[in-house]
Number of protein chains: 2
Amino acid sequence: MPAVRPRTPRNTLSPELIVRTALDLMEAKGTDAFSIRGLAAELGVGPMAIYTYFRNKDELYDAVRDHLMALGPEVPAGEPWPDQIRAVCRGLRRLMLQHPCLAQLLAGRPLSGHETARMAEGLLGVLRAAGFDAETSARTHTTLFTFVLGATSWEIQIAAERRNPEAWRRLRATMGSLSSSEFPTVVELAPELSRTTGGDEQFDYGLDLLIAGLEQTHH
Amino acid sequence: MPAVRPRTPRNTLSPELIVRTALDLMEAKGTDAFSIRGLAAELGVGPMAIYTYFRNKDELYDAVRDHLMALGPEVPAGEPWPDQIRAVCRGLRRLMLQHPCLAQLLAGRPLSGHETARMAEGLLGVLRAAGFDAETSARTHTTLFTFVLGATSWEIQIAAERRNPEAWRRLRATMGSLSSSEFPTVVELAPELSRTTGGDEQFDYGLDLLIAGLEQTHH
DNA sequence: ACGTCGTACTGTACACCGTACGTTATAGCT
DNA sequence: AGCTATAACGTACGGTGTACAGTACGACGT
């Protein structure tokens, strides 16, 4: 008796339920460990039941990404534009830190979907209202977005490594074994490099650099 | 007759040969399609032969990453530091564009290895020589690196999508279907957003923003 | 010239994966 | 009550990484 599961009643599934469950699983077990079969098991359903609602795994990923982007930051009204930009970028970073799978979802597939457009709308609106021309606004938006994506993905990556004791030990070991005649500056700055990896301060440092550059070109 | 392969003579494999072949395969068929079994087949060898030289797939990825980083840019001597930084960042971007798998290799695993340290040494050396203090140099290095990584990964991602006609058509379709009352700025700037996605100009725009910010804080 | 020994490669096997295809049974409509 | 559209199912295929045990060959000491 292989513990036959009774047939699941109809209409117990829905796109929303699937997306929520998928998200929960990704956050519990890690994005890489996520699988359609695991998701189906969690839902108490055969693997193929998912395909009634999503054509394939990538389409499910897109849905999860869009679901998360809906939680993205609003633009605070009535503040100077540099503060508005800071708020949006910090909000997006915050969202990525709270949902680490978002970093991988964003990196792995291009943007699309309403919620993603909502985020772009916020940033672009700020830039246009601040007086930037169309091309500069577009370029700045892309720059800010890729900066947040790159910086935060990296931060998440390192944090994950830090939590894996064996990998972290190996990283420290190779760092420590670098010849200080071949790489004098790296060896000298090793403490700073380690200390300044990740964290709000590091993120704000880069963000402020970009905004300072922007204010300068804006006169 | 299942075309039995004669036993491969010993010592026909080497870490270098494996890494080079793996890199060739990743660039020919795409990083995602790369597999140990495919690599072994290309080498005319059983899949398990690889494990004599690398403990697992991730370790092989690390080796390929380090192999590619060895091709990274040198710091040009005798130039003002902003130009040196520009040269190194552009060189890294160039390397990532020439070897698109590098983006995924860098995003997926943390840095380690001599060749990666070499790249850090170059940038950090420039910053220290320019008079930045230890902490600022470390922070700036991380900022620049994650900026290049994020911007170029994104660029590669979009370019891949553009080459996939079906996916590209769908992206244009969802872009075109955005209600211009809900997302007025996105719709208005759609041409600019599309035109300014990727390319040297977009990259240099962001890079110059960072450097301008840096020059300002440096007085 | 000849054993012998370490090890580079092999074969088999396992536990997974995504998903194509055809089937079945039930929710809701007539 | 009967019909039908379709949600969930079972089976199967071709793929994956890699554990583990076996085998034959290159090199080396005698």
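In this predicted model, the contact between the two protein chains draws on 48 residues from chain A and 48 residues from chain B, two residues being in contact if their C-beta atoms, placed from the backbone, lie within 7 Å. On the side of chain A that touches chain B, the elements giving two or more residues are α6 (114–129), α7 (134–163), α8 (165–176), α9 (184–188), α10 (190–195) and α11 (199–218) of chain A. Helices here are DSSP runs (H or I, at least four residues; strands are E, at least two), numbered from the N terminus. The largest share of that side, 17 residues, belongs to α7(A). By class, it splits into 23 nonpolar, 19 polar and 6 charged residues; Ala, Val, Leu, Ile, Met, Phe, Trp, Tyr, Cys and Pro count as nonpolar, Asp, Glu, Lys and Arg as charged, and the others, Gly among them, as polar.

Now to the DNA. A residue counts as near a strand if its C-beta atom, placed from the backbone, lies within 6 Å of it. Around DNA strand C there are 23 residues, of which Ser35(A), Ile36(A), Asn56(A), Leu13(B) and Gly46(B) come nearest. Helix α2 (residues 36–43) of chain A gives the most to this surface, with 3 residues, and the classes are 8 nonpolar, 9 polar and 6 charged. DNA strand D has 22 residues around it, with Gly46(A), Met48(A), Ser35(B), Ile36(B) and Asn56(B) coming nearest.

Within chain B, Pro82(B), Ile85(B), Arg86(B), Cys89(B) and Arg93(B) in α4(B) meet Phe203(B), Leu207(B), Ile211(B) and Glu215(B) in α10(B). This contact has 6 nonpolar, no polar and 3 charged residues.

Residues are numbered from 1 along each chain as its sequence is written, with chains lettered from A and ligands numbered from 1 in the order in which they are written. Local features need pLDDT of at least 70 and side-chain atom pairs count only at pLDDT 80 or more, while totals for chains, interfaces and linings use all residues.
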